[in-house]
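The structure is shown below.

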Amino acid sequence: MIEFHLDARSGVAPYQQVVQQVRHALRLGLIEVGDQLPTVKEVVASLAINPNTVLKAYKELENLGLAAARPGIGTFVTKTLSDDSLAAHGPLRQDLQRWLSKARRAGLGEESIEALFRDVVRASSAQGVA
Amino acid sequence: MITVLEANGLSKRYGHKWALSECTLAIPAGKVVGVVGPNGAGKTTLLHLAVGLLQPSAGSISVLGGRPGTTAGQLARVGFVAQDTPTYAGLSIAEHLRFGAWTNPSWDQKLAEDRIEGLGLDPGQKAGKLSGGQRAQLALTLAVAKRPELLVLDEPVASLDPLARREFLQGLMEVVVDHGASVVLSSHLVADLERVCDYLVVLVGSRLQVAGDIDELLSSHHRLTGPRRDRGSLPRDHQVIGESHTDRQSTLVVRAHDPVLDPLWSVEKLDLEDLVLAYMSRAVKVDRRPKLEVRS
C-alpha cells in the first residue's frame, strides 16, 4: 500500500499530486497490477483533505487506464508503468549514488545538483539522445 | 441544483451598524464550504443566521430548503459548533453524550461512543480537564452524532495548535466521507481551509466579495504583468479585481473565463491565498474611496 503526501508549496493541484505519486510508484514498481489503492477515507484521514480531491484523482487514474474502481470495495491498479527496464534500476541507482557523492565532495549543494541534473537531462533530450 | 444554503439580499443590522449587507448566494449541496474574511467581516453573523440563532434584518435565508431554526425538524438537520468549541467544563464526556441523546431525536449513541473511543478519550473525564484539541473533538462529536445533513462550524480550528488543527480537520473529513454531510466552516486563515474546502465564500466589511467552486475560481483568475497599460485596454469580459502600476509596469489581477491571449501580458495562475488577498484589498480600497472624496 502506498501513502500519499502533499506539498502545499509546490503549486501543483493536490489531486494532481496524488495522481503523480501513483504514477511514480507504478514507474518504480512499488505498486503492481491488482494492488489496492488506499480508500478515500484512509487518504482523507491521513492528509486532512477534501474527499472530492481524492475522488477526482482516482477518476483521473481511471481515465488514464491505470486504475479501476470496484464499487463498495475500493480502487485497484489495472496497469503498470514499469517495464523491462526495472531490472536495470538497481545498478543505475548505484551509479547515481556514486555520482552524487562525487558531486557533494566537489562542494555542490542540493540545489546545484538538481539544477545540473535537470539541465543535462534537458540538453540530452533536446539532442534526441535520451 | 440542490442548494444547502440560499441567501437573497440577506442583511443583519446591529443598531446603526450593518454586520452583513445584501448577501446573495446559493451554495450547492455536498460541498465543504470555507467562509473566509478578516475578523469582523460578518462570518459569524452569516453562520448564526444559517443556524437560526439570529433573524435577518432584511432579505431572506433558507437552509436545506427551510427557514433556519424554525421547527424541531429543521434544528435536527443542522449541526452547529460555535466559536471556540464550547463545552460544559463541569460535565464529563459521558454526560455530554447523555445530554446530546436527551436533546436530539436523531441522536446516534453508538456513533458518539465509537468516536470518543477512537480518539482515545476517557468517557469519565470532565470536559474542563480536556486539552483544546480534545474539547474541539468532543464538540464535533456532539454535532456529528445528531446525524445532521449540514454541519456548520464557526472558526473551529482558530485556537488549536497545528497538530490538533490537523487532527480536527482529519476527523471532520472522515465525517464527510462516512455520512456525506455538507459542511460550512469559517476561518480568518485561508491556509486552514485550502485542503479541506472545495467551495469558497469571501466576506469583507459585511459584504460578500466572491463565492464559488474553488477549482473554478482558481482557473478563472489570472495575474497579468506587462508594460504599463490602462485597464481600459482590456477586453470587456475581463473583470479587474486588483491593479498596481509603476511608471513602467502594470500588474493586474483579473477574472476572465476565457484564456488571456494578449501576448503583451505574461500570465500567471494565482493560488488561493493570493486570490483571497486580491478580493480583500479591493474591498478595503472601495471602502476608503468615499471618505477620501468627502475630505477633498
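What covers the buried residues of H6(B)? The cover includes helix H2 (40-47) and helix H3 (51-63) of chain A, together with strand E3 (32-36), helix H5 (132-145), strand E7 (182-187) and helix H7 (190-193) of chain B.

## Basis of the model

This is a predicted model, in which local features need pLDDT of at least 70 and side-chain atom pairs count only at pLDDT 80 or more, while totals for chains, interfaces and linings use all residues. Residues are numbered from 1 along each chain as its sequence is written, and chains are lettered from A and ligands numbered from 1 in the order in which they are written.

## Chain B overall

Chain B has 9 helices and 13 strands; these are DSSP runs numbered from the N terminus, with helices (H or I) of at least four residues and strands (E) of at least two. Along the principal axes, the C-alpha atoms of chain B fill a box of roughly 70 × 40 × 40 Å.

Of the 296 residues of chain B, 41% count as buried. A residue is buried if 20 or more other C-beta atoms, placed from the backbone, lie within 10 Å of its own, exposed if 12 or fewer do, and partly exposed in between. Among contacts in chain B with a separation of 6 or more, 71% join residues 24 or more positions apart; a contact requires C-beta atoms, placed from the backbone, within 7 Å.

## Helix H6 of chain B and chain A

The contact between the chains takes 13 residues from chain B and 11 residues from chain A. Helix H6 (residues 162-179) of chain B supplies 7 residues, the largest share of the side of chain B that touches chain A. By class, that side has 7 nonpolar, 1 polar and 5 charged residues. Ala, Val, Leu, Ile, Met, Phe, Trp, Tyr, Cys and Pro count as nonpolar, Asp, Glu, Lys and Arg as charged, and the others, Gly among them, as polar.

The end C-alpha atoms of H6(B) are 26 Å apart, which agrees with the 26 Å that its 18 residues should span at 1.5 Å a residue, the expected span being 1.5 Å times one less than the number of residues. Its buried residues include B:Phe168, B:Leu169, B:Leu172 and B:Met173. Just after H6(B), B:Gly180 takes a positive phi of about 60 degrees.

H2(A) and H6(B) pack at an angle of about 160 degrees, with their axes 7 Å apart. Axes are lines fitted to C-alpha atoms, for helices over the stretch in contact, and angles run from 0 to 180 degrees between N-to-C directions. That angle makes H2(A) roughly antiparallel to H6(B), a term for angles over 145 degrees. In this pairing, A:Val40, A:Lys41, A:Val44 and A:Ala45 meet B:Gln170, B:Met173, B:Glu174 and B:Val177.

H3(B) (residues 93-103) contains B:Phe99. This residue is partly exposed, with 14 other C-beta atoms within 10 Å. The C-alpha atoms of B:Phe99 and B:Leu142 are separated by 9.3 Å, although the two are 43 residues apart along the chain.

H3(B) packs on helix H4 (residues 109-118) of chain B at about 160 degrees, with the axes 10 Å apart; the two are therefore roughly antiparallel to each other. From H3(B), B:Ile93, B:Leu97, B:Gly100 and B:Ala101 meet B:Gln109, B:Ala112, B:Glu113 and B:Ile116 of H4(B). The contact divides into 5 nonpolar, 2 polar and 1 charged residues.

Technical notes
Two residues are in contact if their C-beta atoms, placed from the backbone, lie within 7 Å. Angles under 35 degrees count as roughly parallel, over 145 as roughly antiparallel, 65 to 115 as roughly perpendicular and the rest as oblique.
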